[in-house]
Amino acid sequence: MTTALSSLALILTAVRFALFVRLHTVESPYSPVRHAVSDYAVGPTRRLATATTWLTSATWLALAGAVHGLRGWDYSGAATVLLLILAAIFAILPAFPTTLEGQRLTPMGAAHYALAIGWFAIAFSLAGNIRRLIAPEGGVLAAAANGLYYAALVSLVALVCAMLPRLRDRCFGLPERAYLVSIGLFYAVFAAAILVTGGEF
């Protein structure tokens, strides 16, 4: 079951990234350089953005199931809970649309920001534990996980810097997308590592 669920997580990740690319190629009023990805959930791209978000929730859920079966990892219980929290956040995220730039912050928008900050923090925090789990295995997957972890770290720092008023409306979208892609690929590598090792770390 562990390898089956990790395989499912990989398939869902591939489809999710395909939708993510599609989201940025359809006609919309948003710029991938200036606008947050969550802006796409408001307006003409709402349905596609919602489908991408719910698919991400399913990915976290599949990965949680795979991690639950890692009996040799003493952090598997906590990791499973954190992955389930991520799945829950993405499941309800479409119900809390973001407040677009220049508009007054709404309660829904404030809740969206809280959920977004929560998932960013949880995903990166858990990635540190996963990196340490994979590292002793060595090889391409361990190297990829290490590189993607640091790519996520750098992009997360850049994202925080891009939240400054003078930068937010100019380039916020770039570091955010860099983080989304790097952290998404990191967890895909984790799923691949579970598959390759049979969950025996």
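At what angle do the axes of helix 5 and helix 7 cross, and within what distance do they come? In this predicted model, the two axes cross at roughly 160 degrees and come within 8 Å. Because angles over 145 degrees count as roughly antiparallel, helix 5 is roughly antiparallel to helix 7. Here is a short tour, starting with that pair.

**The helix pair**
- Two packed helices are described by the angle between their axes and the distance between the axes.
- Helix 5 covers residues 139-162, and helix 7 covers residues 173-197.
- The crossing of helix 5 past helix 7 is left-handed.

- L153 has a relative accessibility of 31%, so it counts as partly exposed.

- L174 is found in helix 7.
- With a relative accessible area of 48%, L174 is partly exposed, because the exposed class requires over 50%.
- From L174 to L195 there are 21 residues in sequence, and their C-alpha atoms are 32 Å apart in space.

**In a loop: P29**
- P29 sits in the loop that runs between helix 1 (2-23) and helix 2 (46-68).
- The relative accessible area of P29 is 54%, so this residue is exposed.
- P29 and V189 are separated by 160 residues in sequence and, C-alpha to C-alpha, by 33 Å in space.

Definitions and conventions:
Residues are numbered from 1 along each chain as its sequence is written. This is a predicted model: local features need pLDDT of at least 70, side-chain atom pairs count only at pLDDT 80 or more; totals for chains, interfaces and linings use all residues. Side-chain values use heavy atoms; hydrogens and water are left out. Helices (H or I, at least four residues) and strands (E, at least two) are DSSP runs, numbered from the N terminus. Buried means under 20% relative accessible area, exposed over 50%, partly exposed in between (1.4 Å probe, protein chains only). Axes are lines fitted to C-alpha atoms, for helices over the stretch in contact, and angles run from 0 to 180 degrees between N-to-C directions. Angles under 35 degrees count as roughly parallel, over 145 as roughly antiparallel, 65 to 115 as roughly perpendicular and the rest as oblique. A crossing is left-handed if the near helix is turned anticlockwise from the far one by less than a right angle, and right-handed if clockwise.
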